[in-house]
Each structure stands twice: as structure tokens, then as C-alpha cells.
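Colleague: I'd like to learn how to read a model like this one. Can we go through a few features together?

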Amino acid sequence: MSFNESDTRAKLIDPALHQRGWTENLIQREESAGAIEMSETGPRRRAKGRVDYVLRILVQVDSQPVAVGLIEAKAEHLPPTHGLEQAKCYASSKRLNVPFVFASNGHLFIEFDRFTGQTSAPQPLSKFPTPVELRHRYEQGLGFSLESDKARPLLVRYAGSEASRRYYQDAAIRAVLEKVAQGENRALLSLATGAGKTLIAVNLLKRIADAGQLRRALFVCDREELRLQALAALQNMFGADAAAVANGQPQKNARILVATYQTLNIDSEEADANFLTTHYPLNYFSHLIIDECHRSAWGKWSQVLTRNPDAVQVGLTATPRRLVGIGEDTSEVRLDAKITADNIRWFGEPVYEYDMAQGIEDGYLAACEIVKGRVNLDDTGITVEEIMARQPVDAVTGQPVTIKETRESYQRTEYEDSILLPDRVAALCQDLFEQLLDTGGPEQKTIIFCVRDRHADEVAVAMNNLYAQWCVTQQRERLEPYAFKCTAANGGGEYLADLRGAARRFFIATTVDLLTTGVDVPCVRNIVFFKYVRSPIAFYQMVGRGTRLYVPDNKLMFRVYDYTNATRLFGEAFVTKHRSPPSHQTKVVMSAAPAEIIQVAGFEVHITPVGRYIVTEVNGKAMPVTLEEYKKRLAARLVAEVATLEIFRETWIIPPQRHELLIDLPDAGRSALLVREMEKMREFDLYDVLAEIGYGQAPQTRIKRAAVFGEKQAIWLSGMPVTAANTVRAMVNQFAKAGTEGLENSALFKTPEVVKAGGLAALKAWGQPSEILIETKRRIFSDWDG
């Protein structure tokens, strides 16, 4: 009998690696987050995710090991090439960022060298490269010695331990330090919202400082919220050596400064940069971190970079690197082009990327469901005849509007901007409110993106009215404030703490663009598009407000309610064409007076469901696929791993084998959880969810399986002592409550029902408890008796 993947690793590959000098301290097991396991009482623990075996070299006994390779183990009966393509993906600059990739079946290995692009022929493990050999090839490939001064930060250990960092954060830090060691001083990191860019920046600066190479650093951001977040993280690491530039105080006694563009007086074209130039002379800073650099192309911010040409300059962004305008060439698209071109031209291509799809796959970001709706008026537009038939009025004065004051037609992108449509607002809010009722209730943290400030007001009013009516019909006390406007015009920044921290109020935030970036609100469950979005960068930032996991509130996924086809922008940002920014002397000619805004009531508005989608990785990008397509992908992966229902059942009842199977499924094993949630199958164990998807077996609820167990397994139970049979029945009742995980909970034999029936002692009196438990699970999921 040949070894499976785990045994191949432990019994064949590990001993061979040890023989070649790869001691345990040189093999790092990088584990992703995996799924959050849910029970009836909420999230109980985080399941183990995928484990990658990373080979590292140690220059000195007390130095930080440097990752250089990845080895992918496959079952003994498979050819050594079987895991190579998978390993190449894991090793790339979008995952582990190591140059040498190996795959092995325990007897032979094969290698892919990212430096040369060459793949070796299969070789015996007795010829596996030694640490000394891989170090030499690593240094040769990157063009520096690990003992050089510029490489010193690579060898500095993390403050505290490595336990607090994630694999991709280490990969990003190494990517920057490797580029600096090569003699470059600019680097761009592109990481999804919620991936921990600030943590990366803090640890990057700390390792540089501990290497004795940080003289002064400046962390620049464009919002007060971001400044406060960065300052807290930096002071946690550097103490009083990190300070905020504020209230005219340059804080020159601190080594690490945190500033906004506003405090440096570089936030507009009209700004004179006086504060920057007065207090910080040329090359004052040795290191610069430009946070959210996709937003940093306004004003005279570039003086921070150009006045510190010798500094190591790192740009951080969550959004795509480039884009092509979609549809008409609006000013918003031109601005996007300018921003991304500036980033690429100055910093170069990203040295490391970690996108939303990868974050979802790894289990570090919340999965995303999309619910799309179509508004009938948006498909047809509105003609002047339809408008005049409904007695339009001036939206500001309320006075009647003549035909001469209207245009021949209005299109969907002008709704709630040039023309206000109360019936459309009411229909959209009614549909959204019903969606909330159908997915857990109206009191969910939600951000609604509106067209303009007045639109945000009207949406907040409509949502509040719907909520008040619902509370009356349900005889519920209103939790207020419920819906509120959060825009720059009303000082919305003051409400961010309430949106984030108030569990029983401040549920629905209506905004225009204040919440598009730089706002960390993990509890947000819904992102809603009532406005049309043309900019891929703006879209990704908006969606990014929902990507963070929030375990205290059971948040495993979030929803995007898309009424304006905004989600078409998924995957639109990555192109190769550079665009030069317009000259700073370019003038924008504004119209002499704002256009008239009219308001028209009396339209019949319908919202038609378009479909439900899940965001997953498609050809390396985060893309929406229909629920049915997602289930087909899940079924294909499942059947490829376990060919039949019988094999699936036997795999499921053994925890290590089930875990190994689940982490090989899409989205870090959460795919089954997502389908169960979307298909409203919470009463079913994940076994039944997957058995239906992969093998067509009719699903049964946990309660039904438990109810028929005693009758179907009567013969088996009759062969036990009474107390043992009663204990098994009590265990099955725990399955009815919490599914497979309930049976494998360490507290199973401490539950009152099981203890009262006889407990662990009753099982020991009849046989081996672990074997009885496995057999119980097998019979719960079987369709036979006896």
C-alpha cells in the first residue's frame, strides 16, 4: 500500500531532506488561515489552512532565516511532476515569493528555477540541493551577497516572534528588502484591503532600524483616520520614537514621523509646501512610506519624494496597478489613469502583489456574494414627454419646471444628479430592505454608496422610514440612530467610530465617497451600489470596505448589492499601457453656472433580480461567477479528489483526511460554507451539502439524520450494553445540534446529556471510544442499517 500525501511527506521526504542538511529549523511550515468553523453558538475556532513547506537558509545562528524555496509533496503513487504547477503558483511573487520550486513523490523530485525559467528532469532525493548550494544560487540570481551591508535588514529577526505575521506579509517585506539589497531605492507593494499593509510597513521599518540603517522615516497618508491607525501601530513598536506631525509641530525629536498631506501643506496645487520645505531640508528622511499611494497624486505631494531622492521610498496600495477607461472618457477615468501611471512610473512594477482573490482563497478575507438587481428606468432612460406628463419641479425651489428647462432625455448615469426620482429611491430602498430581512434582519452594518449628498440624505430618510414601519409591525423597539448620512459635507468622519463600534445603533451609512478608502470597519456586512461607478480603482476601494473578517459577529462573508452593474469592474484594472499625466499647467474650464436639477415623481419603478454570484479566482483574478457555476467548480474539485460517494463518506469521518480534503477545495475550504449559507441550508451538515453537489445525493437535515438513527441502527445498538447504546444516542443528539464538529468537539463527553447516559466510561466498558465514535459517524451518514 502506497503512502498518502501526509505520510509521503513525513516518512519519505523529510528524512531525505534531513540527510541533505535541511534541518528542522530550516524548514518553515507556512500555514494559511483556512476556514472559520461555525457552530450553533457562533465561531468556535479557526480550522487549519493549507500548509506550505518553505526552505530557508540561515546565514548566522541568530539571524532571520531567509526563504528561498518551496517543496510540494504528493502521494507516493503519483509522478513527481504532479504537484509542480501548483507549487509554481504558490512560489510566485503573488504568494510566497521564493525562486526555487520543488515537487516530489518521496522518491524523485523535480525543480523549477524562477531565475532561469528552466525545469529539471526528475532526480532522486539523494541529489536534492543542499542549503549551501541554494544560498549560492539565490545570491547569484539576485545579484548580492547576504553578508553585504545592504542585505543586513534581511537577516534581522522579527521583533518578538514570527507568530504574529502572515506568510504573505513576510513575502512582501522580503520583496522590498531584496530590491533594496540590489541597490534600488523604490518599491511598490500592492495588497488587498484588509491584508495588513500597516503591519507590513511597521515591521519593514523595524527590521531596517534594527539593522542600523534607519536615520529618519516619514509615513505619509491622506486622511486623519489613516494617520491615527498608522501612529498607533508605529508607537506600539517604536514607542515615543514615533510621533504625529500635527498642529504645526514638526516633531523633529522623533525618528518616525506620521503625517497627512494636509499637515505638510502639499495637499493641493495651490499649496506652497511651506511646512515641508521649512522644517525638513533635502534628504532629511532616509525612508519614506507612501500609504494608499493610488490616492496620492494630487497637489504637490511629489515634493516629499523629490526632496528625498536618496531615501528608500515604498508605495502601498490596495488597488490595481493600471486601468483602461470604460465607456466614455470621463474626468474620473482620466484621473485614474494619471494616478496609476504616476505610481508605476515612479515606483516601478509591484515587487509583490496579494489580491482579493488570494485573500479569500487563503481565508484571510471575507468571501463575497453579489446580489444583482436591475431597475427598469435605468434600462430605458426618461424622455422629456414622460417628464412633462408628471409635472416636474425645480429640486431646490419646488417651483414648476417648463419644457425649455429640461433636456430631451435623461440617462441612468444622471439619475439623482441632474434629475431626482423619488420613486426610484423608494423602490431601491424597499428592495434593499427586503434583502436585509431575508438575510438576517435589518440591523446589519451596511454602507450605501449614493450619487451626491442630497441623494444620501434621501436614502437615509427612506431606510429609516422602512425600519420604523417594520419595528411597528414586529412590535420591536427601534434601535436608533438606524440609517445616517456619512459624507464630507456633514462632517461624516465623526460618525466612523459609531459605525465601527456601536453594536446596537448606527447600522446603515449612506455616503458618496467619504467611506471609499482608509476606513477600517470590519463589522460591515453589506456594500450597496445606488450610484454608477466608472472607475475600477474607486470600485475596488468601495468593495474593500467589506472584505475584513469579523469573528465576534460571525462575519465569514459579506454581500455586495449591485443595482448599477458596478461589479462589471471586477478584473478590469490590469493593463500594460502607460499613460503620462497631464501637465500641472492644464486648466479645467468650469461652466458658468450649475445645471438645473429637476425632480419628477409618478414613475412606476420595478427592480428585477438579475442573479447571485460569488467572487472567486478566475484566471488569476477576482471575478464573479454565478452560484451554479461556483457549485460546478466545487463539484469538479471535490470529485477529482474523492471519486465516489463511498470514498467521500470514509474520508469525511476521519478528521485529518476531511481537513486535507477541505483545504484542497476552493476558497480555503469555505466553499461548502458559502453554498450552505446562500442556499439557506443551515440545518444541514456540510457532509450533506457536499454530497448533494458532488454526487447528487438528496440532502437530509441533521435533525432528520439523528431522528432515524435509532431505528436504522437498532440491530447495531442492541449488541451493546444499555449504557453504551444510550451514550451513542446522546452523542447523535449532539450531531443534531452541531453536526460533525459537534461529535468531534473536545467537550463532547462533558455535555450533560452524554454524561447522564453513561459517558466515556460506558463506551470504554464496551470497546475503544475513538473507534465507536468513527463507526457512529459512518452509520449517521450511511443509508443502511444493521
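Colleague: Let's start with V519. In which loop is V519 found?

Modeller: Keep in mind that this is a predicted model. V519 sits in the loop between β24 (508-511) and β25 (526-529).

Colleague: Is V519 buried or exposed?

Modeller: Buried means under 20% relative accessible area. V519 has 4% relative accessibility, so it counts as buried.

Colleague: And which residues does V519 touch, leaving out those up to four places away in sequence?

Modeller: V519 touches E225, L496, R500, L514, R545 and R548. Have a look at R223 too: it is 296 residues from V519 along the chain, yet their C-alpha atoms are separated by 9.4 Å.

Colleague: On to helices. What span should helix α13 have, going by its residues?

Modeller: Helix α13 covers residues 422-438, and at 1.5 Å a residue its 17 residues should span 24 Å. The end C-alpha atoms of α13 are 24 Å apart, which agrees.

Colleague: Which residues of α13 are buried?

Modeller: First the general idea: an α-helix has 3.6 residues a turn, so residues three or four places apart point the same way. In α13 the buried residues are R424, V425, A427, L428, C429, D431, L432, F433 and L436. Just after α13, G440 takes a positive phi of about 125°.

Colleague: How do I describe two helices that pack, and at what angle do α17 and α21 pack?

Modeller: Two packed helices are described by the angle between their axes and the distance between the axes. Here α17 (residues 627-641) and α21 (residues 686-695) pack at about 90°, with axes 8 Å apart. That makes α17 roughly perpendicular to α21. The contact is made by K631, L634, A635, L638 and V639 of α17, together with L690, I693, G694 and Y695 of α21. By type, these contact residues are 7 nonpolar, 1 polar and 1 charged.

Colleague: What about sheets: what is the strand order in the open sheet of 3 strands?

Modeller: The order is β19-β27-β21, with mixed pairing. β19 (393-394) and β21 (419-420) stand at the edges with a single partner strand each, so one side of each has no neighbour in the sheet. β19 and β27 (residues 598-599) run antiparallel, joined by 2 bridges, and V393 stands opposite Q599 in β27.

How values were computed. Residues numbered from 1 in each chain as written. Predicted model: local features only at pLDDT ≥ 70, side-chain atom pairs only at ≥ 80, totals over all residues. Heavy atoms only, no water. Helix = DSSP H or I, 4+ residues; strand = E, 2+ residues; numbered from the N terminus. Expected span 1.5 Å × (residues − 1). Buried < 20%, exposed > 50% of the residue type's maximum accessible area, 1.4 Å probe, protein only. Pairing = 2+ DSSP bridges. Axes fitted to C-alpha atoms, helices over the stretch in contact; angles between N-to-C directions. Parallel < 35°, antiparallel > 145°, perpendicular 65-115°, else oblique. Contact = heavy atoms within 4.5 Å. Nonpolar A, V, L, I, M, F, W, Y, C, P; charged D, E, K, R; others polar.
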